[in-house]
Amino acid sequence: MAAVEHRVKVTLIEHYTDTLFRFRCERPEYLKFRSGQFIMIGLEVEGKPIMRAYSITSPEWDEELEFYSIKIQDGPLTSRLQHIKVGDEILLSGRAVGNLLPFSIKPGPRLWLLSTGTGVAPYGAILRDEATYEKFDQIYLTHTCRQIPDLQYSQQLAEWVKNDPLCGDYAEKQFHYYNSITRDPSHPRQGRITDLIRSGKLFEDLGVEPGFHPDRDRVMLCGSMEFNLELKEILEAAGLKQTNSKDVGEYVLEKAFVG
Ligand code: A2P
């Protein structure tokens, strides 16, 4: 269990559905992190901290911190966290960690930020960081969820990115948002992202060269264990290498955390 280092106040809460919400809180002055990293956050329950890993969705330069969270009715943390109010105190560990960073993959013409569910969270930071646009020419965010209302956060993020004071001009030319839905036939884009990649539909819909190639494509993965493993297989078969402690590769992955 990471030590609690900071107590900060919640400044904003937005509920999307019965199972999803985001909130912002104060940022301790001396808390440094890189866009894409995660930190332990929590609440004090009966005198004891309950802490879980959360990706920081706000970029490095933001004066506050933002998080995107699931609500699990019997979850030790999120059953309580979902009821926080502006002004309440939450706990933070001292240090942000994680290697899902634009810095951790080779530069290249196309960067794919692939996610399901709350796995979209770290891309909130990465997409509002100028360094991302300097290192990659075209950036594609994909987000797949079960139901249409589950897409609200990523739809909002796509708007924020385009209107961002630092990245908006880059995003106008370089950023593309793609979503799909798996359990509501009324949505125009149907299916798991893995299937849309295999069938070529993703590339067709975006009007870009099909498939992944190590000379051209860089990929970040953030979803469930099965999602990460399936995509890893697809990427390895296409000849892309995962970044490891010795070499910078063409893709990196992070497990999406369940609060
Ligand atoms: P599906 O509805 O077919 O299970 P969850 O809400 O369970 O976290 O899932 C979020 C989204 O990720 C859902 O649309 C789900 O599709 C999809 N998904 C689940 N497992 C995988 C996988 N192994 N590969 C790709 N997408 C997946």
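Reader: Lining of the largest pocket: how does it split by class into nonpolar, polar and charged residues?

Author: Nine nonpolar, ten polar and seven charged. Bear in mind that this is a predicted model.

Reader: How much space lies in that largest pocket?

Author: About 770 Å³.

Reader: Which residues lie nearest its centre?

Author: Thr116, Gly117, Thr144, Arg146 and Ser224. They belong to a lining of 26 residues.

Reader: And which elements give two or more residues to the lining?

Author: Strand 8 (136-145), helix 6 (193-199) and helix 8 (225-237).

Reader: Where does the largest share come from?

Author: From helix 8, which gives four residues to the lining of the largest pocket.

Reader: What about cysteine 167, how far is the nearest cysteine sulfur?

Author: 19 Å, and that sulfur is again in cysteine 222. Cysteine 167 is in no disulfide.

Reader: Back to cysteine 145. Buried or exposed?

Author: Buried, because its relative accessible area is 6% and the cut-off for buried is under 20%.

Reader: And cysteine 167, what relative accessibility does it have?

Author: 0%, so cysteine 167 counts as buried too.

Methods: Residues numbered from 1 in each chain as written. Predicted model: local features only at pLDDT ≥ 70, side-chain atom pairs only at ≥ 80, totals over all residues. Heavy atoms only, no water. 1 Å grid on protein atoms, 1.4 Å probe; cavity = no way out; pocket = protein on both sides within 12 Å on 5 of 7 lines; lining within 4 Å. Points joined across faces, edges and corners; volume = space filled by probe spheres on them. Nonpolar A, V, L, I, M, F, W, Y, C, P; charged D, E, K, R; others polar. Buried < 20%, exposed > 50% of the residue type's maximum accessible area, 1.4 Å probe, protein only. Disulfide = S-S within 2.5 Å.
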